[in-house]
Amino acid sequence: MDYFIELLFGGLTRGSIYALIALGYTMVYGIIGLINFAHGEIYMIGAFTSFIIATVLSIYGFPLLAIVVIAGLAATVWSSAYGFTVEKLAYRPLRKAPRLAPLISAIGMSIFLQNYVLLAQTSDFLPFPALIPEFAFMEPVAHIVGSSDLVILITTTLVMIGLTFLIKFTKIGKAMRATAQDKTMAVLVGINVDRVISATFIIGSALAAIGGLLIASHIGQINFYIGFIAGIKAFTAAVLGGVGSIPGAVLGSLVLGLTESFATGYVSSDYEDVFAFSLLVLILIFKPSGLLGKAETKKV
Amino acid sequence: MFPVKELKRSLLISLWFAFLTFPIMVIKVDPIERTVIWRWDNLFFVALGSFVISILAKVYLLRKERRAGRKKVKKELTEPFVQRILREPRFLFPLSFAVLTFALLFPALFSTYQTNIMTTALMYVVLGLGLNIVVGVAGLLDLGYVAFYAVGAYSYALLNMHFGMGFWAVLPIGGLLAAILGILLGFPVLRLRGDYLAIVTLGFGEIIRLILENWNTFSQGPSGIANIARPGFFGMQMSFDAGITYIYYIVVALVIFTIFVVNRLQDSRLGRAWLALREDEIACEAMGIDRTKTKLIAFSLGAFWAGLVGVIFAAKTTFVNPASFTFLESAIILSIVVLGGMGSIVGVIFGALILILMPEYLRALSEYRMLAFGGILVVMMVFKPNGIISNVRRSYRFKKHPSKEVIEP
Amino acid sequence: MSEAILNVKGLTKNFGGIKAIDNVDLDIKLGEIVALIGPNGAGKTTFFNCLTGIYTPSAGDITLCHPESGKETRLNGMKPNKITEEGMARTFQNIRLFPTMSVLENVMIGRHCRTKSFIPGAIFRGPATRREEEEIVNVSYEILEKVGLEKQVNEEARNLPYGAQRRLEIARALATEPFLLLLDEPAAGMNPNETEALVGLIRKICKEGHSILLIEHDMKLVMSLSDRIFVMDYGRKIAKGTPEEVRSNPAVIKAYLGEDVDA
């Protein structure tokens, strides 16, 4: 039973990290219909930035709380800046181009950013400082649920609530929803679509940065390549839930995280990613628009 | 002259990039020794670099605008130079002949090393042409194309290892196995719409790679299969150099075969159905085209070529392992198709030669070459989103209706 | 009813809880021009989509009877391409041409289901395939002459003016050799001259042996063209008959002009 609970929490933790990244994919897809392949790299840059800042601060002897706050802020700020810049450079000029052009541009951007970090930093795995302390009150259950699991779950929940609030009630959130539904109409009612798209990239990147920070301190190491596989998994999760749908991205991520956790725990750890993709294929065969995606009604 | 406003803009851009790249370019920490290196010189280079590039980009855009303005005054309907050559048989035939001669003489003119690289590039030409059927012509976004390539490579590696089967026997088998796999995969997933199809094929490519990596008893896992036989030529023993030249000619033959077949397919009843499918699926069905069947054919034909090239790849390198079949490979092949110009055979050939030869000749840049590759993909797409060469429009000869001709002399 | 080539009985289509079509009967006889009219949102296009296999009906029967062989086919649940093969083709209300293909190629696509060359044929291009290709091109061109688009054969479909695009849709549907042609608002967006030419074209097509079912809002066109008219409102059939009968039917007038007419 302990093992089951351990896997359950492992899956939820994993799922909530996927969710943080998947939201960026799904929001961007919802608004400009692009699979933003560079999004995984944004997440990686978030993890790297927090790694660099946190290590520097800890070398200069800052207290842990200050390190966590500053590194978290830095990761969010820089990831957002990268997301914003990538969109401006690589996607905005292609707004009216054929469908595949931005996709190739995104793949190019992903390769570029990976190698940029590789060259500017290193290809080695780097030990990530433990930003999340082991809480004393978690002691009795620590062998099943770690403190970082708890922190990740709580943080993700708070972020999700914040995001829901942002999208439901703020002006930019409403503009985002309007743009996602009908770009032309949004322009006609006076929404600055360019700004909405930028905002989407910024918000998505910030979420990915938080995910990057959390996972890096959870696993304890990073390298330049972590963005790729996490990105693909997160996109898988987004599609699983129904791409374009925000609750779908969260649900898909949790389903994916749990499946992976239980499958690796009970079946075999070699085929972790195979389970993930097989699940995706299976679900899409039976529900072609994902778990929460709207079934497409053909308009003729 | 260059307006001051633009200079200010470029200055802002360079400041932005200095800020953007600050943590990653400037700070380098050693978490074990607990030391920090501040590389302020990098900040300077980034700022200077982005300043210069932004000015150059602006100048280019201004020029383009001015040229576009002038062109409108003249006539807009000037066909691109390349298009004109491709359309006119009297240019096209001598040109193809020259290219073919050059291709045939290549091993004699250049070193073994160069020939080897050219072989690789030509293999990607075939891969690109195969994927072009799927993506460029039929409009199905396949991000897991490398899976079929892997199937071809491993079918030769395994059949050769276990049963000692030769290259020529496995070549069609590899192609067919890939095509069959294409049908098996295509059947459930081809009804998914565009981007769902993309991610499923991507997942499928990864599944194949992971199985090859983990199923040790079947594929010998990550260490791969070595000592695969090179292609035989009536049982003749060949030197290493001759072997490379021989494979080169096999690939040249395959390229010619592929171009011939793909060209004929595109220009047929089936090819038109693919194009129509890309444009409007619902209208296609209403015109009596079986959507699933037509897509399946495109998908498995594309897979067939990947399988063929896979077999050749295994024979060429005499070694296969799962690391050769990552998503990056699929991405490169897709980039060849899109960069060259979707649906255009000549475009794909150019795309493959550029993208594959470029990193080889960028070796001078050594570790910067993948960085450059990524950057160039972005820049190419931004400036030429339709690809280098767009498809040549086909014209048809038809009989005018006799009765009409009488009425309208 | 033996001569009816299309027989629709009790056709119903639900979307969730909404009955978009409720128990509608309709029949078309050989050589007829039949119109289906009704206010916006009456369910006409949904009705078309059920007939042509884009939607699967919730209840009811659709039978197509081939005028020559007399073979009866139940269309419910058949795929759209099969239905086209059976001899019923359609056009779309919001034009769905293949925008970057040429006008000729658009019509050539229509020949797809009447030809059969396949991969080997395409590669080896034997005499049979070449003959077939020639036939495809010539038949397509002939159809384009018929609808008056022979001067634009090589233009891209998206560059045609609106009226011409509508005619191209008809040409493309004709290329599938239908004995029954369904036209979804063929005159929408046309100017009076174009509409008049269209009436001539539809008459000509009908004379050549294609029966026609059309949805239309242009009453003048409907009244002058149709042999019989079916009227739908709120998913139900409210009237049928000759143009004169329908014109004076109080239920129809009510549907079009609102409740107050009776009072």
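**Entry 1. Chain B overall**

I looked up burial in chain B and found that 50% of its 409 residues count as buried (under 20% relative accessible area; exposed is over 50%, partly exposed in between; 1.4 Å probe, protein chains only). I note that the model is predicted, that local features need pLDDT of at least 70 and side-chain atom pairs pLDDT 80 or more, and that totals for chains, interfaces and linings use all residues. Residues are numbered from 1 along each chain as its sequence is written, chains are lettered from A and ligands numbered from 1 in the order written, and side-chain values use heavy atoms, without hydrogens and water.

I recorded 18 helices and 2 strands for chain B (DSSP runs: helices are H or I with at least four residues, strands are E with at least two, numbered from the N terminus). The C-alpha trace of chain B spans about 80 × 65 × 50 Å along its principal axes. I then checked the domains of chain B, which are domain 1 (4–73) and domain 2 (88–383), with bounds from an automatic or database domain assignment. Their C-alpha centres lie 37 Å apart.

**Entry 2. Salt bridges**

I found 29 salt bridges over all chains (a side-chain nitrogen of Lys or Arg within 4 Å of a carboxyl oxygen of Asp or Glu).

I examined the salt bridge between the side chains of Glu133(C) and Arg272(B), at 3.1 Å, N to O. This pair crosses between chains, from helix α5 (residues 127–147) of chain C to helix α12 (residues 269–279) of chain B. Glu133(C) is buried because its relative accessible area is 16%, and Arg272(B) counts as buried at 4%.

I next examined Glu208(C) and Lys146(C), whose closest N and O atoms are 2.8 Å apart in a salt bridge. Glu208(C) lies in the loop between α7 (192–207) and β8 (211–215) of chain C and Lys146(C) in helix α5, so the pair ties together parts 62 residues apart in sequence. Glu208(C) is partly exposed at 41%, as is Lys146(C) at 23%.

Glu87(A) is buried, with 0% relative accessibility, whereas Arg95(A) is partly exposed at 27%. I also recorded a network of salt bridges linking Arg14(A), Lys233(A), Glu260(A) and Asp273(A).

**Entry 3. Single positions**

I located Ala286(B) in helix α13 (residues 281–286) of chain B, where Ala286(B) is buried at 4% relative accessibility. Ala286(B) and Leu365(B) are 79 residues apart in sequence and 54 Å apart in space, C-alpha to C-alpha.
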